[in-house]
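User: Hi! Could you walk me through this one? I'm new to reading structures.
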Amino acid sequence: MNEHLISSKQMAQFVASGYLRLDEMVPKELCDACLVEMRDHHFGYLNVGASFEDTWPKGTALGDAFRLPQVQGFIHSLVGPDPLYDHHAAHLVKGGQTRGPDMHQDSVIDFRENYFDIQLSFFPVDTPDEMGGTFLVPGTQYRSVRTGEIHIYQHMRGKIWATCPAGTIFVWNTGVWHGARSNHTEQDRYMYKLRLNPTRPQVRNFDTADLEDPEIRQILNTNHGWEGNEHRYELMRRVQMWRFVSGQPDYDQGERFMRRIEYRPQAAGVAAG
Ligand SMILES: O=C(O)CCC(=O)C(=O)O
Ligand SMILES: [Fe+2]
């Protein structure tokens, strides 16, 4: 699996943008078999909180897809060993079905710090633009809202969407703002979503060979377009997460805002007069 771990630069991209697009993860034949399973057998919830490894038996199409070394590699890099199954859903947008405003956040009940769940969005068939793959607004994962209160936001700067060949998986932090797009083809559009929880601190589970790459600073500093003047705020949230996942508690960047907010006068031990 080690050869399939994501790089530190990819991890920085995940921290900054909240997602990675991974093409050609699942070969075509297995995609076809997965489609049959997700259409006919696996609608709904399985055993929430069960070990992911025990969730899909070997020899099932989805079980085999999730055990592909390249899939295990990025899952391990992001959530670490022994993740838990949270839930899944085979999302269907029927041929010809239009979707109105749909921007939302899935995971709003989450008070943890320095942990994050991941969601895989697996596209088992070619998903051209007209078919309306899932859209995401990169970098929004640190902006917690109440699920549907962002329905009114349309055409946000920086929005991306899944226009991709069969076998592509988008993996994203559950906090990313996202939604479904209209399907203007006659063919039903399936996307299989799976959410996983970590069971261990998500520290240095990726390939750290390029941890000192100077490009990481630029990646963390990415401006997706919607941040505007608040970009520095976003950067600090990313720095906070980068410190954690890279195991560098003193990492800082920009104008060293982290230093400012971490200075604790009371820790200096001077009693109030
Ligand atoms: O159907 C879609 O593309 C979006 C589905 C969605 O909101 C989700 O996967 O959480
Ligand atoms: Fe959603």
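User: Where is Arg204 placed?
Analyst: Arg204 lies in the loop between S8 and helix H5 (215-220). Helices (H or I, at least four residues) and strands (E, at least two) are DSSP runs numbered from the N terminus. This is a predicted model, where local features need pLDDT of at least 70, side-chain atom pairs count only at pLDDT 80 or more, and totals for chains, interfaces and linings use all residues. Residues are numbered from 1 along each chain as its sequence is written, while chains are lettered from A and ligands numbered from 1 in the order in which they are written.

User: What is the phi of Arg204?
Analyst: Its phi is positive, about 50°, although Arg204 is not a glycine. Most residues other than glycine have a negative phi.

User: New topic: in what order do the strands of the open sheet come?
Analyst: The five strands run S1-S6-S3-S8-S2, with antiparallel pairing; two strands pair if DSSP finds at least two bridges between them.

User: Which strands stand at the edges?
Analyst: Strand S1 (19-22) and S2 do, each with a single partner strand, so one side of each has no neighbour in the sheet.

User: How many bridges join S3 to S6?
Analyst: Six bridges join S3 (residues 118-123) to S6 (residues 168-173). Ser121 stands opposite Phe170 in S6.
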